[in-house]
Structure formats: C-alpha cells, structure tokens
Amino acid sequence: MGQVLDKFHGKQWREKQIRLIADKAYNHIKKHSGSANLTFEDLYIAVLLVYNDINKRLPGPHFDPPSKEQVRAMMQACDMNLDGELDHEEFVKFMQQLTADTFIVVSQGLIITLVVAPTVAMATKKATEGVPGVGKVVRKLPTSIYASLVTLAIVWFQTGRQDVD
C-alpha cells in the first residue's frame, strides 16, 4: 500500500517530505541544545516533535510515538560512527526508518476512504430513495455529485475530527 504515495507523488516526494521533517526537527533541537549532534535525550525530543507534527497534518487516527527503548535501539542502529550521538545524516536515516510505517498506514487509510466512500454513497442513495421527503431530494441529485458529497464528508470527518477534541 505504500506504493500509493509513490504512484501519486513519486518516491522522491516521500523522501523529500521526510527530509523536510527531519531537517526541521534537527535544526530545532540543535538550536536549543547548542550541540552539532543529537544525544539520546535530544533525539527523543525530536521524535516527539515529529510525531506531533505528523499527527497535526495527516488524516486519520493519531500515531503514538515509539517508546524510549525503541528509539534507543533505532539510534544504535543508525549511529554509524558509534559515538553515541547522531549527526545530521544519521538523523535523516533514523527518520526514514521511523516514518516508513506511518506513510504506509496513511496510504492504506486513503485508499480505503477513496474506495469505500463512493460505494457507501451509492448504497445510501439507493436506500434513501424511498424515504418520504429525503428520497425526493436524493433522486434529484446526480449520482456522481451525491457520491462526491458523501466522500468529502467522510474525508472531512477523518481529518476534521482531530480539531474538535
């Protein structure tokens, strides 16, 4: 399912987005810590900032950040020079690994929404055609417009419900 983003935007788009997120987080932490590299504590703060950013921008359910133990294990795997800190390029590699699953979940949610919503719209239109008052309005709407309205409502609900909490 991760290929959906690749089909619409290309693999370079995904890599560019991850790079932008990584650069923003790295520079923010670097500015506040004053260090050129990220310690484990700095890295965990950066992870929390990234997940906060992802949860604000992406539709669907919120993504929980990994535990400190998971971050520590990933950090050790990405720390190529074994100095216990991550430089900028090591951090970008870390972010690519960290966000890979998130992009897959988002693309799966978008596919489900874009496939299921029009089908649901068609079923509800057919089911409400016989309802007095409602059926008259529904019958007048072209099927494509009705399906689009229901799809937009579902997408709005998925992305907008976060702001209501």
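User: In what order do the elements of the protein chain run from the N terminus on?

Analyst: This is a predicted model, where local features need pLDDT of at least 70, side-chain atom pairs count only at pLDDT 80 or more, and totals for chains, interfaces and linings use all residues. Residues are numbered from 1 along each chain as its sequence is written, and side-chain values use heavy atoms, with hydrogens and water left out. Helices (H or I, at least four residues) and strands (E, at least two) are DSSP runs, numbered from the N terminus. Here the order is α-α-α-α-α-α-α, which gives 7 helices and 0 strands.

User: How much of the protein chain do buried residues make up?

Analyst: Start with the cut-offs: buried means under 20% relative accessible area, exposed means over 50%, and partly exposed is in between (1.4 Å probe, protein chains only). In this chain, 32% of the 165 residues are buried. For the surface itself, areas come from the Shrake-Rupley method with a 1.4 Å probe, and for residues only the protein chains shown count as cover. The accessible surface comes to about 10,300 Å², and 61% of that belongs to carbon and sulfur atoms.

User: What share of contacts joins residues at least 24 apart?

Analyst: A contact means heavy atoms within 4.5 Å. Take the contacts between residues at least 6 apart in sequence: 61% of them join residues at least 24 apart.

User: Which residues have the most contacts inside the largest nonpolar core?

Analyst: A nonpolar core is a set of buried Ala, Val, Leu, Ile, Met, Phe, Trp, Tyr and Cys residues joined through side-chain atoms within 4.5 Å. The largest one here has 25 residues, and those with the most contacts inside it are Leu43, Val71, Phe91, Phe94, Met95 and Leu98. Two or more residues each come from α2 (11–33), α3, α4 (68–78) and α5. Helix α3 gives the largest share, 8 residues.

User: What is Val71 in contact with, leaving aside its neighbours within four places in sequence?

Analyst: Val71 sits in helix α4 and is buried, at 0% relative accessible area. Its partners beyond those neighbours are Phe40, Leu43, Tyr44, Val47, Pro66 and Phe94. One of them, Tyr44, is 27 residues away in sequence, yet the C-alpha atoms of Val71 and Tyr44 are 6.9 Å apart in space.

User: Where do the buried residues of α4 fall, seen down its axis?

Analyst: Val71, Met74, Met75 and Cys78 are buried in α4. They fall within an arc of 105°, so they line one face of the helix; the arc is that of the directions from the helix axis to the C-beta atoms. Over on the other side of α4, Glu69 and Gln76 are exposed.

User: How is a pair of aromatic rings described?

Analyst: You use the distance of the centres and the angle of the planes. Rings of Phe, Tyr and Trp (its six-membered ring) pair if their centres lie within 6.5 Å; planes under 30 degrees apart count as stacked, over 60 as edge-to-face and the rest as tilted. This structure holds 3 aromatic pairs. In one of them, Phe40 and Tyr44 are stacked, with 6.4 Å between centres and 25° between the planes. Those two are 4 residues apart in helix α3 (residues 40–57), so about one helical turn separates them. Phe91 and Phe94 have centres 6.3 Å apart and planes at 15°, so that pair is stacked. Both lie in helix α5 (residues 88–128), 3 residues apart. Ring pairs also link Tyr26, Phe91 and Phe94 into a cluster.

User: What sits over the ring of Phe40?

Analyst: For a charge to sit over a ring, NZ of Lys or CZ of Arg must be within 6 Å of the ring centre and within 35 degrees of the ring normal. Here the charged end of Arg72 is over the Phe40 ring, 3.8 Å from its centre.

User: Is Leu82 buried or exposed?

Analyst: Leu82 is exposed, with a relative accessible area of 72%. You'll find Leu82 in the loop between α4 and α5, and its phi is near 55°, a positive value in a residue other than glycine.
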